[in-house]
Amino acid sequence: MRFRNRTALITGAGVGIGRAAALRMAEEGANVVIFDVNPETLGTVEREVRAFTENVLACVCDVSDEESVNKLVKDAEKRFGGVDILVNNAALWRCWKSFQDTTTEDWRRYMDVNVMGTVYMTKAVLPGMLARKYGRIVNVASVAGVYGNANMAHYSATKGAVIAMTRALAKEVTDKGVLVNCVSPGSVSSSEDPDVHSFQPSTLSFMGRTGTDAENANLICFLASDEASYISGQNIQIDGCRRKQ
Ligand SMILES: NC(=O)c1ccc[n+]([C@@H]2O[C@H](COP(=O)([O-])OP(=O)(O)OC[C@H]3O[C@@H](n4cnc5c(N)ncnc54)[C@H](O)[C@@H]3O)[C@@H](O)[C@H]2O)c1
C-alpha cells in the first residue's frame, strides 16, 4: 500500500491517464481527490474509486478558473487535512491545425488550460506541501513539448512550458521536501476506451503500438511515491521509443 495515509489530487481524472492514475492510487491506499470539468465522467470515476475506498472527493472544476481551483483545493485540504500528491493531468489536446489556421483564441484557451491550469493548481497546493515539508507534484506533459508536433504548435508550446516549469520549480522547492517531476507520454490508447490495458498499433514508436493508460499511470504513481525519493526536476518520456517526428 504505497499511498496509505497520503492524499492525492488528480486533475482531468474523468477519463484516460488521469482516471487510471486515480484508480491505481485508490487501490494502493490513497485518499483520492478527483477534479474534472465533465460532471458525467467524473461521477463514473468517483463510483469506480469507491470500489477501493470511501475516502474520495469528486469536484467539478475547470482548472483554468483560478477562483474555483482555490476554493476546491481548500475544500479538499479541509476534508483530508492536506494534499500530499498533485497530478496535473487535465489538458486540451485534440486540435490539429496548421500554425496559420490556429487562432489567437485557440492559443489563449490552450495556454489558459494547459499552462495556467497547472500554475493555478500548483500555487493552490504548494503552501500546504511546504508547510508539511512533504509533497509530490507530477505534471503530465507530452513528447510534443520536447520535439514539437506539426499542426499542434499551440499544444506543443503549452507542453514545453509545463516541462520548463517543472524543472524550474523543482530547483526552488526540492530542498523543502517537495519533489516535482514531469511525464511526457507519446501516443496513448484512446482515452474513451475504459480498458486501462488496451492499446492500438502505432507507427510512431519502435514498439509498434500506443502506450496504455495503465502504463502511464504506473510511471505517475512511481514518481508520486516514496520509491522515487531521489528524483526531482526530471521530464521522463514514456513513448515506446519514439520515432522522432
Ligand atoms: N492521449 C494521448 O495520446 C496523450 C499523449 C501525450 C500526452 N497526453 C497528455 O496526457 C494527459 C491526459 O490525456 P488523456 O488523453 O488521457 O485524456 P483526455 O485528453 O481524453 O482527457 C483529459 C481530461 O481532462 C479533462 N479536462 C479538460 N479540460 C479541463 C479543464 N479545463 N479543467 C478540468 N478538467 C479538464 C477532460 O474532461 C478529460 O476528462 C493530458 O495532459 C494530455 O495532454 C496524452
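Student: What makes both faces of strand E2 count as covered in this predicted model?

Tutor: In this predicted model, Asn31, Val33 and Phe35 lie on one side of E2 and Val32, Ile34 and Asp36 on the other, and all of them are buried. A residue is called buried when 20 or more other C-beta atoms lie within 10 Å of its own. Since 6 of the 6 residues of E2 are buried, the strand is described as mostly covered.

Student: How do you know that E1 and E2 pair, and in which sense?

Tutor: Pairing requires at least two bridges between the strands, and E1 and E2 have 5 bridges, in the parallel sense. Within this pair, Thr11 stands opposite Phe35 in E2. The chain passes from E1 through H1 to E2, and this β-α-β crossover is right-handed.

Student: Why is Val138 called buried?

Tutor: Val138 has 26 C-beta neighbours inside 10 Å, and the cut-off for a buried residue is 20 or more, so Val138 counts as buried. This residue is found in strand E5 (residues 135-140). Leaving aside residues up to four places away in sequence, Val138 touches Val87, Asn181, Val183, Ile220, Leu223 and Ala224. Val138 and Val87 are 51 residues apart in sequence, yet their C-alpha atoms are 4.8 Å apart in space.

Student: Is Ala124 buried or exposed, and how do you know?

Tutor: Ala124, which is found in helix H4, has 22 other C-beta atoms within 10 Å and is therefore buried, the cut-off being 20 or more. Not counting residues up to four places away in sequence, Ala124 touches Val69, Asn70 and Val73. Ala124 and Gly82, 42 residues apart in sequence, are separated by 11 Å from C-alpha to C-alpha.

Student: Why does Asn5 count as exposed?

Tutor: Asn5 has 11 C-beta neighbours inside 10 Å, and a residue with 12 or fewer is exposed, so Asn5 falls in that class. Asn5 is found in the segment before strand E1 (7-11), and its phi is near 65°, a positive value in a residue other than glycine.

Student: How many residues surround the ligand, and which are the closest?

Tutor: The ligand is surrounded by 29 residues, the closest being Gly12, Gly14, Gly16, Ala91 and Ser191. Helix H1 (16-27), strand E2 (31-36) and helix H4 (104-132) are the elements that give two or more residues to this shell, and the largest share, 3 residues, comes from H1. By class, the shell has 14 nonpolar, 13 polar and 2 charged residues.

Student: Why is the chain called as compact as a globular protein of its length?

Tutor: The secondary structure comes to 7 helices and 7 strands. The radius of gyration of the chain is 17 Å, close to the 18 Å that the globule rule gives for 245 residues, so the chain is as compact as a globular protein of that length. Buried residues make up 46% of the 245 residues.

Conventions. Residues numbered from 1 in each chain as written. Predicted model: local features only at pLDDT ≥ 70, side-chain atom pairs only at ≥ 80, totals over all residues. Helix = DSSP H or I, 4+ residues; strand = E, 2+ residues; numbered from the N terminus. Rg over C-alpha atoms; globule rule 2.2 N^0.38 Å. Near = placed C-beta within 6 Å. Nonpolar A, V, L, I, M, F, W, Y, C, P; charged D, E, K, R; others polar. Contact = placed C-beta atoms within 7 Å. Right-handed = clockwise from strand over helix to strand, strands pointing away.
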